Amino acid sequence: MARLSFLSLALAGLLAACAPSADTIAPRDDEYPPTVQPYDEDDPEPEAGLPAWHSLGGAIADPAVTLSSDGRLEVFVRGRDGAVWHIHQVDPNSGWSEWTSLGGRVTGGVVVGEDGDSHIDLFARGSDGALWHLRQSGPKHGWPAWTRLGGQLHPGDRPAVVRGLDGHLEIFVRAPDRSVLHLSELPGPAWRPWQALPGPVGPVAAAREGDGRLVLFARGDDGELVQRRQLAPEGAWGDWRGLGGRLLGAPAVARNRDGRLEVFVRGEAGDLRHLWQTAPGGPWSRWASLGGAPGELMAMTAPDGRLEVFTRGLDFALWRIAQVTPGGVWTPWTTLGGRFNDPPAVAANQDGRLEAFVRGTDDALWHRWQARPGCCW
């Protein structure tokens, strides 16, 4: 199998700012080559001690991935032209399409949401600083033009997207003054006016409690983890309150199989620290350390209910740590190898196998997957 390149080409050449559009300039043929089938069983064995990574080509940044309602993984990236580019499995669990452009002009990574009607929704910061939205017509269907939702996003931030109880989407962005702006979807589709949640705070992570209340997590001005939650489902918001700890960067949040939220941060000492609800919607535990030396964090709930955390290590490789059983103790840190830029993107295939996507040091999209659900990358 191919392994991740150790080239160190920098991502450059984004076009000058202009409003998002469905039109875009196609890249050169050598930037988005046709892709190979990456699931062949007869690939040669990798060199001893090296992990098995495969390239999907392209010239990309900021990958994001989701599982569509028909069971295919779909990956979205920012191209060199500032447009959003897309590659997807041809069938569930196997085979990849060629790259296609979805247009737009974005200045950061795209965030993927999926509403209750099985449409994939994309959200990103446009070159004008506002939030832009693109909704798929339906599974395996086309993509209409980008829509401007307004607001202003703090440079470098991605929006936080969470689904409400009835499937509608809730969007949170951090404004340039570091307050939080909230946008909620209405039937139609339509959107409520922006609601301001005063800060100031760092980048925001969002989640939904088991009873439907939304909750936000962020780094406060004093470095403490702070939380803000709705007082009732679809209701008013309480104030920001501290949860202690001292963190670097943005928090990540995932929900245990029993409904308890768990928050992960990079501590001041550079280790991975976490705390969790002792009951669904209930009080929080004390802080605990999981060690390691993580970069930006990606936390998720695997199909079997175990929490998994992925990050880039000091060696620029992909590292992971996971619960041994749902809600249980944690494994040691393990490396998945490779060398990459940008935070990783991870999702589960239709058959339950996790698959990780990164921007390699050659700026191409690389991926690696489990041989079977819950085991063996």
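User: What makes the link between the side chains of Ser179 and Asp177 a polar contact?

Analyst: In this predicted model, the side chains of Ser179 and Asp177 are joined at 2.7 Å. A polar contact needs a pair of N or O atoms within 3.5 Å. The value of 2.7 Å meets that cut-off, so the pair counts as a polar contact.

User: Why is Ser179 called buried?

Analyst: Its relative accessible area is 11%. Buried means under 20%. Ser179 is therefore buried.

User: Where is Ser179 found, and which residues is Ser179 in contact with, leaving aside neighbours within four places in sequence?

Analyst: Ser179 is in the loop between β12 (169-174) and β13 (180-186). Beyond those neighbours, Ser179 is in contact with Val173, Arg174, Leu197, Pro198 and Gly199.

User: How many residues line the largest pocket, and what kinds are they?

Analyst: The lining has 50 residues. They divide into 34 nonpolar, eight polar and eight charged. Val112, Val161, Val253, Met298 and Ala299 lie nearest the pocket's centre. Elements giving two or more residues to this lining include β7 (111-114), β11 (160-163), β20 (247-255) and β24 (297-301). The space in the pocket is about 2000 Å³.

User: What makes a set of residues a nonpolar core, and which have the most contacts inside the largest one?

Analyst: The members must be buried and joined through side-chain atoms within 4.5 Å. The largest such core has 15 residues. Those with the most contacts inside it are Val65, Val75, Ile87, Trp96, Trp99, Phe357 and Leu365. β2, β3 (73-79), β4 (84-91) and β28 each supply at least two residues. β3 gives the most, with three.

Technical notes. Residues are numbered from 1 along each chain as its sequence is written. This is a predicted model: local features need pLDDT of at least 70, side-chain atom pairs count only at pLDDT 80 or more; totals for chains, interfaces and linings use all residues. Side-chain values use heavy atoms; hydrogens and water are left out. On a 1 Å grid over the protein atoms alone, a cavity is a set of points where a 1.4 Å probe fits but cannot get out, and a pocket is an open set with protein on both sides within 12 Å along at least five of seven lines; lining residues have an atom within 4 Å of a point. Grid points are joined across faces, edges and corners, and a volume is the space filled by probe spheres set on the points. Helices (H or I, at least four residues) and strands (E, at least two) are DSSP runs, numbered from the N terminus. Ala, Val, Leu, Ile, Met, Phe, Trp, Tyr, Cys and Pro count as nonpolar, Asp, Glu, Lys and Arg as charged, and the others, Gly among them, as polar. Buried means under 20% relative accessible area, exposed over 50%, partly exposed in between (1.4 Å probe, protein chains only). A polar contact is a pair of N or O atoms within 3.5 Å; within protein, one must be able to donate a hydrogen and the other to accept it, and residues adjacent in sequence count only if both atoms are side-chain atoms. Contact means heavy atoms within 4.5 Å.
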